[in-house]
Amino acid sequence: MKSLKANLSMLLVVGVLGTSGATLAADGVVVEGQLNPGNYCHEKFPAIAERSLGDSQPQLKQPNTGDVVDYYGPCDEDPTGKDQIASQKLEQQHQMEGSRGGENGRF
């Protein structure tokens with residue numbers, strides 16, 4: 001009887017943990033969970049390939065590149081939508097300015 005209760009308890013724990021873990025969509029988007037039901041989510045998805053940032057149909061990098069966006073925000077975020085394009089263009093600009101070594105104001 002004790003082992004039956006222990007097995008059922010373990011099955012319950014495994015079932016709860018299994019349903020609360022991250023899920024991986026077909027397009028490489030990992031949804032880690034809804035922070036506030038209906039409002040905000042935590043997602044991880046591949047960044048947009050730099051060469052396609054200006055295109056009408058931007059392409060995501062391959063998930064195995066490790067270049068991912070760690071996103072917290074509305075659950076309906078599109079990884080290739082206007083918000084992500086603008087955000088990633090700004091990030092790219094910041095990286096390029098930083099690569100100059102801060103020489104902008106020196107001369």
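Which residues lie nearest the centre of the largest pocket?

## The largest pocket

In this predicted model, the largest pocket is lined by 13 residues, and Ala 47, Asp 67, Gln 88, Glu 91 and Gln 95 lie nearest its centre. A pocket here is an open set of points on a 1 Å grid over the protein atoms alone, with protein on both sides within 12 Å along at least five of seven lines, and lining residues have an atom within 4 Å of a point.

Helix H2 (residues 82–98) contributes the largest share of this lining, 6 residues, and the lining as a whole divides into 4 nonpolar, 5 polar and 4 charged residues. The volume of the largest pocket is about 240 Å³.

## Fold

The chain holds 2 helices and 4 strands, arranged along the sequence as α-β-β-β-β-α; helices (H or I, at least four residues) and strands (E, at least two) are DSSP runs numbered from the N terminus. Of the 107 residues, 21% are buried, that is, under 20% relative accessible area with a 1.4 Å probe and protein chains only.

## Confidence and conventions

The mean pLDDT, the predictor's confidence in each residue from 0 to 100, is 74 for the chain, with 56% of the residues scoring at least 70. Confidence is lowest in helix H1 (residues 2–20), at a mean of 47, and highest in strand E4 (residues 68–74), at 92.

Residues are numbered from 1 along each chain as its sequence is written, and side-chain values use heavy atoms, with hydrogens and water left out. Local features need pLDDT of at least 70 and side-chain atom pairs count only at pLDDT 80 or more, whereas totals for chains, interfaces and linings use all residues.

Conventions. On a 1 Å grid over the protein atoms alone, a cavity is a set of points where a 1.4 Å probe fits but cannot get out, and a pocket is an open set with protein on both sides within 12 Å along at least five of seven lines; lining residues have an atom within 4 Å of a point. Grid points are joined across faces, edges and corners, and a volume is the space filled by probe spheres set on the points. Ala, Val, Leu, Ile, Met, Phe, Trp, Tyr, Cys and Pro count as nonpolar, Asp, Glu, Lys and Arg as charged, and the others, Gly among them, as polar. Buried means under 20% relative accessible area, exposed over 50%, partly exposed in between (1.4 Å probe, protein chains only).
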